[in-house]
Amino acid sequence: MIKGIHHVSMKTRNDAEYERVKKFYSEILGLKIIKECESCLLLDTGNGIVEIFRNGTEEAVRGVIRHFAFAVDDVKACVDAVSGAGYEVFVPMKEVDVGGDTNLHATIAFCKGPLGEEIEFFSSEW
């Protein structure tokens, strides 16, 4: 039934916030803009979409979803890009065995995006 995650959606509350988010995802992380219109921006991650709306009104609060992860080839390049742009890397790059399973080895790091969203950069062979 489920084929994968189609998109992650976020809302910005004003033009300045929208421009920061657009720059972060398209220029700093290099996501391709699929479509930009008056109400939203669609960015291609390679296997899903990040959707940014301009019509947010509520203060951002932390919900039940802890973070989203981008599959990447080079975690260090992502960390260097976001930290070089002044964004917080709150979990430095490290090697992990997911669930303690040595067959599920990965390199990870976490940063905070322009809306306070938590983003994981995840590289693995499995």
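Okay, hi everyone. First thing to keep in mind: this is a predicted model. Mean pLDDT for the chain is 91, with 95% of residues at 70 or more.

Let me start with Glu-120. You'll find Glu-120 in strand β8, residues 118-124. So what is the nearest side chain of opposite charge to Glu-120? That's Arg-66, and it sits 8.4 Å away, so no salt bridge here, given the 4 Å cut-off. And yet Glu-120 is buried. What the Glu-120 side chain does have is a polar contact with the side chain of His-67, at 2.9 Å. Leaving aside residues up to four places away in sequence, Glu-120 also touches Phe-68, Ala-69, Phe-70, Ile-108, Ala-109 and Phe-110, besides His-67 itself.

The largest nonpolar core has 25 residues, and Phe-70 is among the members that touch the most others, along with Phe-24, Tyr-25, Ile-52, Val-82, Ile-119 and Phe-121. Which elements each supply at least two residues of this core? Helices α1 and α2, plus strands β3, β4, β5, β7 and β8. Helix α1 gives the largest share, five residues. There's also a second, separate core of six residues, and that one includes Ala-106, Ile-108, Phe-110 and Phe-122.

Buried or exposed, for Glu-17? Buried, because its relative accessibility is 6% and the cut-off is under 20%. Arg-13, at 33%, is partly exposed.

Then there's Glu-36, partly exposed at 35%. Lys-22 bridges to Glu-36 at 2.9 Å, and that links helix α1 to strand β2, 14 residues apart. Arg-54 also bridges to Glu-36, at 3.6 Å. Arg-54 is in the loop between β4 and β5, so this pair ties together parts 18 residues apart in sequence. With shared partners, Asp-15, Lys-22, Glu-36 and Arg-54 end up in one network.

That's it from me, thanks.

How values were computed. Residues numbered from 1 in each chain as written. Predicted model: local features only at pLDDT ≥ 70, side-chain atom pairs only at ≥ 80, totals over all residues. Heavy atoms only, no water. pLDDT = per-residue confidence, 0-100. Helix = DSSP H or I, 4+ residues; strand = E, 2+ residues; numbered from the N terminus. Buried < 20%, exposed > 50% of the residue type's maximum accessible area, 1.4 Å probe, protein only. Lys, Arg positive; Asp, Glu negative; His and termini not counted. Polar contact = N/O pair within 3.5 Å; in protein donor to acceptor, adjacent residues only side chain to side chain. Contact = heavy atoms within 4.5 Å. Core = buried A, V, L, I, M, F, W, Y, C linked by side-chain atoms within 4.5 Å.
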